[in-house]
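Let's walk through a protein structure together, one step at a time. Keep the picture open beside you and look for each part as we come to it.

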Amino acid sequence: MVKNTLTVAAALLCSSSFCNGFAIRSPMAAAPKGISLTTSRISAVSPLHSSTNGIIPYYNELMEKIPSKKVIDAIEKSKGPVVASDLATSAGISLTQARKDLTTLASLTRGDIAVSSDGDLIYTFPNDLNSVLRANSAKFRAMTTWKEKILPPLFYATKVGFGVVLLVSLFAIFSSIFFIMTSGGGSRDDDDRRGDRRGGGMPMGFGGFWGPSPFDFFYYRPYYSRYYYSPGDSRSRRDPEEMGFLESVFSYVFGDGDPNGDVEERRLALVGEMIRQNGGAVTAEQLAPFCDEAPMPLDNGEEERAYVDESFVLPIVTQLDGEPQVTEEGDIVYIFPELMKTSASKSVLPNRSSEERRESRILRRAGLDEDAPTEVIKRLLMMNGISTRGALERGDLVDILEKVLPEDNSSDVDVDDPTLLLEREYKFSLASSIQTILAGGLGVVNLGGALYLGNLLGQYALYGVRLPSYMGLVQQFFPLLLGYAVLFNAIPFVRNIWISRQNVKIQQRNEVRQSWKSLLEQKAGSVKRKMMAAARFGKKLKQLGSGGRDIVFDTSKDFAEVETVKQKDDMKEFDKLLEEKAWE
């Protein structure tokens, strides 16, 4: 009776809540008594189309939420069934977001779902998940095309174009100053020359030079073509020495992005694995090395250093479905029952040795993936004319790669340390020192020239004189040239102040996290007592779907097959009980 009740509940759960999101196959065999299945309730549902006519299907497709690339990559790397807790730990997202993403992907790819006896959902996706998504979702195809083929060259052209504007501004300003000075425009008391300036030979002569477009000479075509020789994912991580001058101009003014853009994903991934390694029960002190608002710990091991206010752990506890529990000693322990369920046979994020973390950093600096094959590393070295003679193993190639890469000053901390969360400090620019000085110097020269040219043009404006030809064009657009020159110098100045303040905050947060880590390693006083109490709440990691024993419903199988497996398992359990009774 209990068995049939579980089967009924699982079938109704899947049919009523998930039929619109999954490709549920109709059972080939008769269902058990008490279960009424119709083709209208369980059927192959198209993931993209609706019976509604008109614009509604296209609107729904446009508004559908496509999971991030990191989520899709995490599922593909799992190479097997996936549950929400595994995805949250590997992709660094909340459990709520993991459930939503799994539901969306199952709908788009017609994935299968299995229900355990405890009501947990286990998802199975095609091996070529990206290919299936491209085939089934027009929005995914459009987003992939935009992010991989359109946005990178467009952004690169924007950066190069900003440097071109600086060169054009310098040319326009100083060529105007030169022709005004050589034509005698700097004399304030010679009014007779104003008539010559209206129709003299200088404007006509320069007008002939102006021709079709002098900007053709300054268009930086060769550097834009270099983009197509760089891998898409590694372009943003290229060696600063490879950055062209026009790119360095953009880097000098606007910087190179947030070095901690992935901090939230890293935080949840590291915390999730730490919680699993501690049996799903941890204390606030164990969560502190991963938090932002944790206070600085007091003297090591003192009882009075225990904090009553543990609100700094709430963001993590909320996102990972944690529950506070009070121990007999009055301490608070946070348990995470959902994270202690997995479909994987091993840890999703195993602890890596220092050598493995070093290799990952070197490969990322070279613009390669962390799991890049040995052949790819060797090919990269050979393409750059670097000898690999004597390199017999992968580690030898990594050592050669480390030697030829420039010194990495992007961070002074090991952000790959799994025992705490460390943030990278901002850098003013990833361009080389020479490029940064050159860009800043040209910006100052451009501003000085703009101010001087404004003084010269002010003399013409005083008499209401409109300059002809090219000079008139410069006179008309001078406010834009002046605004560009001012902002070119003001933005880096303000940004440098902002970066200094942000780095101070980052240093403080890193220092607090490292202090908590040191305190945990000592395990003294109240810290030791609370960790021992948390260990009593810990549980073993439960593997779901192992051998199909705890599966009560599976959309990839019919009811008869699932029922047969369950009956065999029940018989084995019954035989085991009989043997135990016989020995008694």
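This is a predicted model: local features need pLDDT of at least 70, side-chain atom pairs count only at pLDDT 80 or more; totals for chains, interfaces and linings use all residues.

**Charged pairs and their surroundings**

The partner of aspartate 331 is arginine 529, and their side chains meet in a salt bridge with an N to O distance of 2.9 Å. Now find the two ends of this link: arginine 529 sits in helix H21 (residues 525-537), while aspartate 331 belongs to the loop between strand S4 (323-326) and strand S5 (332-335). Arginine 529 is partly exposed, at 29% relative accessible area.

How many salt bridges does the structure hold? There are 19. Another one joins arginine 513 to aspartate 292, whose closest N and O atoms are 2.4 Å apart. Arginine 513 is part of helix H20 (residues 478-522), and aspartate 292 lies in the loop between helix H13 (284-287) and H14, so the bridge ties together parts that are 221 residues apart in sequence. Is arginine 513 buried or exposed? It is buried, with a relative accessible area of 1%. Aspartate 292, by contrast, is partly exposed at 31%.

Next, look at lysine 341 and glutamate 338, whose side chains meet in a salt bridge of 3.6 Å, N to O. Lysine 341 has a relative accessible area of 19%, so it counts as buried under the 20% cut-off. Glutamate 338 reaches 27% and is therefore partly exposed. Salt bridges can also share partners, and in this way Glu264, Arg267, Asp292, Glu423, Arg509 and Arg513 are joined into one network.

Let's turn to a single helix. Helix H5 covers residues 95-109, which makes 15 residues. From its first C-alpha to its last it reaches 21 Å, close to the 21 Å expected at 1.5 Å a residue. Which residues of H5 are buried? They are Leu95, Ala98, Asp101, Leu102, Leu105, Ala106, Ser107, Leu108 and Thr109. Among the elements that cover these buried residues are helix H3 (69-78), helix H4 (84-91) and helix H6 (129-136). Strand S2 (121-124) and helix H14 (314-319) are also included in that cover. Just after H5 comes arginine 110, which takes a positive phi of about 60 degrees.

Tryptophan 146 is found in helix H7, which runs over residues 138-182. With a relative accessible area of 41%, tryptophan 146 is partly exposed.

Finally, step back and take in the whole chain. It has 584 residues, and 42% of them count as buried. Its secondary structure comes to 22 helices and eight strands. Of the contacts in the chain with a separation of 6 or more, 72% are between residues 24 or more positions apart. The chain exposes about 32100 Å², and carbon and sulfur atoms supply 57% of that area.

Key:
Residues are numbered from 1 along each chain as its sequence is written. Side-chain values use heavy atoms; hydrogens and water are left out. Helices (H or I, at least four residues) and strands (E, at least two) are DSSP runs, numbered from the N terminus. Buried means under 20% relative accessible area, exposed over 50%, partly exposed in between (1.4 Å probe, protein chains only). The expected span of a helix is 1.5 Å times one less than its number of residues. Contact means heavy atoms within 4.5 Å. Accessible areas come from the Shrake-Rupley method with a 1.4 Å probe; for residues, only the protein chains shown count as cover. A salt bridge is a side-chain nitrogen of Lys or Arg within 4 Å of a carboxyl oxygen of Asp or Glu.
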